[in-house]
Amino acid sequence: MSNYTMKRLRLDRVASQLLAAPTSPAARLSRPSRISRSIPQTCRHSSLYNTQPCQRRHQSTAAPQAPREEELVLEPEDGEPIPETLRSGPLPSPHPSRAASSAKLAALHARLSLSSKIPVETLARALVDPSADAHPKYNNANLAYVGSTVLHYHASETLIARYPRLPMAILFTAMKGYAGNPALHQVARAWGVESAAAPGEEVDPGLLQFDPMKPTVVMNKWGYVRAETIESQKFKSGKGLSGRVMYSSNPFGESSAAKALPNFEVDDGRNTKTMLLQNAPANAHANFVRAVIGAVHMHCGRDAAKSFVKSHFLSRTFDLSKLFEFDLPTRELARLCARENFEAPVARLESETGRLSRTPVFVVGIYSGRDKLGEAPGPDLDSARVAASINALKAWYLYSPGQVSVPSDTFAEDAAPWKPAYVDIGEIIS
Amino acid sequence: MTIRALEKISVGQNGIGSFILQCKRLDIHYCDHSGSSRGMNAFIKTHLSKFAQKNPAIEFAVSPRPRKHPVMIGHYINGRQKSICVANMEPSQILKKAELLRDASGDKVKRVNKPVTSINESVRGIWSPYHGNGMAV
Amino acid sequence: MSRSLLRSLFELRAPSTSRPAAQFKLPARSLSTTPLRRNSPTTTESTTAAAQNATAPSSIPTNPTEAASLVTESRSQTPQAAEALYPRIPQQVNPPTSESQATIAQLLPLLRTQPAHYLTAHIWGRPYLVTAGDQIRLPFKMPGVVPGDVLRLDRASTLGSRDFTLKGSPYVDERLFECRATVLGTETEPMRIKIKTKRRQRRNKQVRSKHHFTILRISEVNINGPEAVGL
């Protein structure tokens, strides 16, 4: 649980720093280069942040690939500016300067009613998957990572504040139902995003570009694969729920994506077919959606990103009571009553009809003392009792204090101080 | 671990939280010479830029189609398309047709008898014969 | 903050994202950001069921923020045009009896605490029992609205939750609830063909008709407490 609630994102400091123009040229030169040299050594397995120049670009020529002109502005230490005429091969993704003239891109920008603070070039960059362009300055991996942290933060704080008694397994699945790849794929399709047949320099910048046969980036919780995840997979541990809490590589309690990751560099050619993603289109669409959230956060700020997430993702209809599947509901209900010092649950027949007929109906209520915990009809006494205890357990787990404030409400300037929300001690273990 | 979770996906409904215009592209075909395109050519000259400015969420594609009647084709987010032949129409009539294409959802037209459609559960619950005191006959 | 996130943010310092003024080359675009649209939506104030009010509109909007958003953000037309099409007619409330006042003060908080709410909204005299998220197919094409407009429905005859219902006579006080609907578009139906025949005449006539319907989505149903009417 602590993974969700207390992960404080202090993006504001860095974000404001990033979007402001650097004051001195020395700062402009030093900061990116320092970061780009130090971090890849610390996280070897990062597939997100490979800042080494992409090998695919260099394959065709012996001389270093001519960087695009923006690159030259930002990182002069990369080498002398090389005029565009010397460029040998085609670019892997459309040039950013073409974004302003793309009708599709402008229509998508207007359809999402994005703020005019977000330039279309950023939207064009959000549409380039790492499988199409491995260069981290031109694909959406970084935007998508920022977007995924923002999305997961708001989704988790909303779920935990609104349903403080959700069991961990249900919380993982609910997070996936709101922010997982399948849900984000549906969102991208509802936004009317079309994908290009194949990525390349010549495609319209308003199309989603990805290549299902090339390696890509899978968003995970940490941005890299942790050593303990690799260890736990080697020894096949961490399959239980507590292991999923500790070692999962994404906020949905899964570690399957990490299996492919350790050797899953974006720009090397060693990827075999077994390492390719199962559902590359869904992954690419989902990364685009995350990148749009990241772009909103970077250009419009924290509050805009929060309301964007709320209006496009958390407003979707999701019936959490359909997620539960119980093995032994009657025993679990008895444990619950013992834990909470309720009287032991008793099943009582409330009403019945047609006991001797082919289709009898029994209505069974579960009582604890004078309080009715749940009720359900069933075709025989036993299944009615089981269904009634399932209803009682769902009523317990899906308790909601109503519209409560979430921690991010206190980020506002004139916000009231945070009053700790009620979160339950945990699910019933039997 | 007695609780297992079944995977489900949240359902989005347009208009809740955010609104996405369903018409994403409008193809406009005309002919320079034939008389049936006269209204369409006037529409392109006079009305189209204003209409496109009012509807930034739609991508407009204007292309000639010689020796054919003028056509407008709307492409929708659900993947369907709707085409209208606007031969021999006045520019104002064509503008009406363009608004029709913009307002459409792209779904197949159906006859619907119930005014309200909902995916929510009934708020007041379903009447049950097994509860209450019953009725004296 | 995690190392990776920090790194992502630094990487995002790409020049293509911070190039100024590129967006001004594009054709006109909706200037409202998403948060604006969400919070104070494009509002065409629709005073539904306006016909029953014989009083002249004294045009004092009860909710000043709504009126403000109407001025700033009407997409389809100028605010004056919206005002002319859908003039705001204040509700004529019969003074509540002391009994109904007591009931509202006592039971409305209970109604609010139950999770799901419904209301019977009246649009041009017809009742629609809706909850948040429902879609309404109006039996007519509403003039002067475009897809994306947000209407505020302010005539309702009942408000309710699972166990409680507040009935209006004939309408509930409009300060007690906020119900908003988004215009999704206009739909139509397959053409109806009616064959008209006359006796002993060998001719028959086909009458064709095709109707257009405005589709609304109820985006918001909020019920205010009794303090909204000063109880």
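Me: Happy to start with chain C: how many C-beta neighbours does His117(C) have inside 10 Å?
Reply: A residue is buried if 20 or more other C-beta atoms lie within 10 Å of its own, exposed if 12 or fewer, and partly exposed in between, with C-beta atoms placed from the backbone. His117(C) counts as buried because its number of C-beta neighbours inside 10 Å is 21.

Me: Before we go on, what kind of model is this, and how are residues and chains labelled?
Reply: Residues are numbered from 1 along each chain as its sequence is written, while chains are lettered from A and ligands numbered from 1 in the order in which they are written. Local features need pLDDT of at least 70, side-chain atom pairs count only at pLDDT 80 or more, and totals for chains, interfaces and linings use all residues, as this is a predicted model.

Me: Where does His117(C) sit, and which residue of chain B does His117(C) touch?
Reply: Helices (H or I, at least four residues) and strands (E, at least two) are DSSP runs, numbered from the N terminus. His117(C) lies in the loop between helix H5 (98–113) and strand S2 (118–123) of chain C. Two residues are in contact if their C-beta atoms, placed from the backbone, lie within 7 Å. Not counting residues up to four places away in sequence, the partners of His117(C) include Thr131(C), Leu159(C) and, from chain B, Val123(B).

Me: What share of the residues of chain C count as buried?
Reply: Chain C has five helices and 11 strands. Among its contacts between residues at least 6 apart in sequence, 78% join residues at least 24 apart. Of the 231 residues of chain C, the buried share is 38%.

Me: Which helix of chain A gives the largest share of the side that touches chain B?
Reply: The contact takes 44 residues from chain A and 27 residues from chain B. Elements that each supply at least two residues on the chain A side include helix H6 (103–111), helix H9 (168–179) and helix H10 (181–190). The largest share, seven residues, comes from H9(A).

Me: Is strand S2 (residues 23–30) of chain B largely enclosed or open, and which residue stands opposite its Leu26(B)?
Reply: Six of the eight residues of S2(B) are buried, so this strand is largely enclosed by the rest of the structure. S2(B) pairs in the parallel sense with strand S3 (residues 59–64) of chain B over six bridges, and in the antiparallel sense with strand S4 (residues 71–76) of chain B, also over six bridges. In S4(B), the residue opposite Leu26(B) is Gly74(B).

Me: How far does helix H17 (residues 381–397) of chain A reach from its first C-alpha to its last?
Reply: H17(A) has 17 residues, and its expected span is 24 Å at 1.5 Å a residue, taken as 1.5 Å times one less than the number of residues. Its buried residues include Ala384(A), Leu393(A) and Tyr397(A), and what covers the buried residues includes helix H16 (329–339) of chain A. The reach of H17(A), close to the expected value, is 24 Å.

Methods:
Two strands pair if DSSP finds at least two bridges between them.
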